[in-house]
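These are my notebook entries on a single protein chain. I looked up its charged pairs, its sheet and the packing of its helices.

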Amino acid sequence: MQLETSRLILRPFTEADAADVYEYGKDPRVGPPAGWQPHKDMAESLEVIRTIFAQPGVFAVVLKENGKVIGSVGYVGGHRTVLPGPDEEIGYALSPAYWGRGLMSEAVEEILRWGFEDLGLATQWCGHYDFNDKSRRVLEKCGFLYRFTEKTWVPLMGEERTELHYALTREEWERR
């Protein structure tokens with residue numbers, strides 16, 4: 001399964017991607033704002049590829065111009081019963097070397113299209129911690145609407161955080 005945008009290829013991760021994943025995964029600007037610790041070594045990145053990134057609906061974000069894996073995007077397995085219909089929760093991470101170019105918004109837009117058109121989802125969710133302005137901006141650009149805030153325990157960080165939850169229904173997406 002592969003998806004494409006004008007600048008990106010979204011494809012399943014392979015073990016050969018471990019060096020690229022480690023390159024951005026070790027950066028403390030990436031994991032902690034998303035709720036996970038920086039990767040300690042390439043073996044940890046490989047294990048993430050074999051487990052978390054091996055789930056259906058999780059994609060490597062590959063820059064078309066050079067074939068480099070610069071992030072991840074896809075469904076993280078969270079389901080909500082707040083709005084009707086089948087739903088999924090989107091998660092993403094991007095190498096800081098590529099911030100500020102609209103690449104993650106482009107990737108999330110393609111996941112939205114795939115989810116609504118090909119998978120028949122009724123709602124797609126996404127969230128961010130209250131201090132993560134970069135993730136908030138991606139959600140705003142992609143048309144997500146704020147739904148609610150909650151305190152949540154973040155086990156990989158060992159702390160409680162405030163998380164803001166957003167959703168986009170198929171009808172809202174079609175009206176954009």
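**Entry 1: salt bridges.** I began with the side chains of Asp20 and Lys68, which meet in a salt bridge at 3.1 Å, N to O. I took a salt bridge to be a side-chain nitrogen of Lys or Arg within 4 Å of a carboxyl oxygen of Asp or Glu. Asp20 lies in helix H1 and Lys68 in the loop between S3 and S4, so that this pair links distant parts of the chain, 48 residues apart. Helices (H or I, at least four residues) and strands (E, at least two) are DSSP runs, numbered from the N terminus.

I noted that the model is predicted: local features need pLDDT of at least 70 and side-chain atom pairs pLDDT 80 or more, while totals for chains, interfaces and linings use all residues. Residues are numbered from 1 along each chain as its sequence is written, and side-chain values use heavy atoms, leaving out hydrogens and water.

How many salt bridges does the rule give? The count comes to 16. Among them, Glu4 is joined to Lys64, with the closest N and O atoms 3.1 Å apart. Glu4 is in strand S1 (residues 3-4) and Lys64 in the loop between strand S3 (58-63) and S4, 60 residues apart.

I then looked up Glu172 and Arg147, whose side chains meet in a salt bridge at 2.7 Å, N to O. Glu172 belongs to helix H6 (residues 170-175) and Arg147 to strand S7 (residues 145-154), 25 residues apart. Is Glu172 buried or exposed? I recorded Glu172 as buried, at 15% relative accessibility, and Arg147 as partly exposed, at 27%. Buried means under 20% relative accessible area, exposed over 50%, and partly exposed in between (1.4 Å probe, protein chains only).

**Entry 2: helix H1.** I found Ala18, Asp20, Val21, Tyr24 and Gly25 buried in H1 (residues 18-25). They cover an arc of only 165° around the axis, which puts them on the same side of H1; the arc is that of the directions from the helix axis to the C-beta atoms. These buried residues pack against helix H3 (42-50), strand S4 (69-75) and strand S5 (87-94), contact meaning heavy atoms within 4.5 Å.

**Entry 3: the sheet.** I read an open sheet of eight strands in the order S1-S2-S3-S4-S5-S6-S8-S7, with mixed pairing. Two strands pair if DSSP finds at least two bridges between them. The edge strands, S1 and S7, each pair on one side only. S5 and strand S6 (residues 123-129) run parallel and are joined by three bridges.
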